[in-house]
Amino acid sequence: MKRFMAMLSRNKDKDPPPTKLLDRAEELCQDLQSSFPSLEKLVGVMMGSKHKMHFLTNIHVVRACVRVHVRNGQHDTACRLLEVGMAEEKEQLVQLWYEIHYQRFMEKCRTDSLTSLQKFRCRKRNPPPLSICPEGLKPRNHPEEVRQYLFRFAAVVTTHPDRTQREFLARDTNLHPNQVSNWFANYRRRQKA
């Protein structure tokens, strides 16, 4: 840590900072995961540095910063870090985004864990911003023509297709037989409601 601080001090006016400094920051973030006070100090130094945005291009640094802010109850600050972070690992940024919101929800409900349904609802209520998910979220619904085909089959043939019918529908709609089965189960549930 002392070597990193000295290196940061020596290179405070260089723009961009040397790669060696950024690599050392990554190593320290990984090494200090189990020592929260040291990690918190490191994050404070990096975020107070002129090179803050350069540090935020590394996923390990971003993860360490998010961890420190979440542990200190600063969920909004952690979210803003993800929004401005320039790390290329977008899937990991999205996962961190959800973890922040899971943690916030657990603190609000005073619980130690969330059910799958609670996590799903949390993700639905808090979609990641376009800055970390530029292509948008993947659609979770089937295409309109597939849904219309399945609706027609349910209306004309049956709402309880057998295995052969499910396999036929899967081939026709380019879905997996389990997806077809789940679609019909959800359809029947919606009809009851």
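Visitor: How does H3 pass H5, left-handed or right-handed?
Guide: H3 passes H5 in a left-handed crossing. Keep in mind that this is a predicted model.

Visitor: At what angle do H3 and H5 pack, and how far apart are their axes?
Guide: The angle is about 110 degrees. The axes are 10 Å apart. Helix H3 covers residues 36-47, and helix H5 covers residues 59-71.

Visitor: What do we call that arrangement, roughly parallel or roughly perpendicular?
Guide: Roughly perpendicular. Angles of 65 to 115 degrees count that way, so H3 is roughly perpendicular to H5.

Visitor: Which residues meet there?
Guide: From H3 come Phe36, Leu39, Glu40, Val43, Met46 and Met47. From H5 come Val61, Ala64, Cys65, Arg67, Val68 and Arg71.

Visitor: How many of the residues in that contact of H3 with H5 are nonpolar, polar or charged?
Guide: Nine are nonpolar and three are charged. No polar residues take part in the contact of H3 with H5.

Visitor: Next, H2 and H3. At what angle do they cross?
Guide: Roughly 155 degrees. Helix H2 is residues 19-31, and its axis comes within 10 Å of the H3 axis.

Visitor: Which residues make the contact?
Guide: H2 supplies Ala25, Leu28 and Cys29. H3 supplies Leu39, Leu42 and Met46.

Visitor: What is arginine 24 in contact with?
Guide: Met1, Arg3 and Phe4. That leaves aside neighbours within four places in sequence.

Visitor: New topic: rings. How many aromatic pairs does a search of the whole structure find?
Guide: Six. One of them joins phenylalanine 4 and phenylalanine 55. Their centres are 6.1 Å apart, with 55 degrees between the planes. That pair is tilted.

Visitor: Where do phenylalanine 4 and phenylalanine 55 sit in the chain?
Guide: Phenylalanine 4 is in helix H1, residues 2-10. Phenylalanine 55 is in helix H4, residues 52-55. They are 51 residues apart, so the pair links distant parts of the chain.

Visitor: Is phenylalanine 4 buried or exposed? What about phenylalanine 55?
Guide: Phenylalanine 4 is buried, at 0% relative accessibility. Phenylalanine 55 is buried too, at 2%.

Visitor: What kind of pair do tryptophan 183 and phenylalanine 184 make?
Guide: Edge-to-face, because their planes stand at 80 degrees. The ring centres are 5.0 Å apart. Both tryptophan 183 and phenylalanine 184 are buried.

Visitor: Which residues form the aromatic cluster?
Guide: Phe151, Phe153, Trp183, Phe184 and Tyr187 form one cluster.

Visitor: Last one. Where does histidine 51 lie, and what does it touch?
Guide: Histidine 51 lies in the loop between H3 and H4. It is buried, with a relative accessible area of 1%. Not counting residues up to four places away in sequence, histidine 51 touches Leu8, Asn11, Lys12, Lys14, Pro17 and Leu21.

Terms used: Residues numbered from 1 in each chain as written. Predicted model: local features only at pLDDT ≥ 70, side-chain atom pairs only at ≥ 80, totals over all residues. Heavy atoms only, no water. Axes fitted to C-alpha atoms, helices over the stretch in contact; angles between N-to-C directions. Helix = DSSP H or I, 4+ residues; strand = E, 2+ residues; numbered from the N terminus. Parallel < 35°, antiparallel > 145°, perpendicular 65-115°, else oblique. Left-handed = near helix turned anticlockwise from the far one by under 90°. Contact = heavy atoms within 4.5 Å. Nonpolar A, V, L, I, M, F, W, Y, C, P; charged D, E, K, R; others polar. Phe/Tyr/Trp six-rings, centres within 6.5 Å; stacked < 30°, edge-to-face > 60°. Buried < 20%, exposed > 50% of the residue type's maximum accessible area, 1.4 Å probe, protein only.
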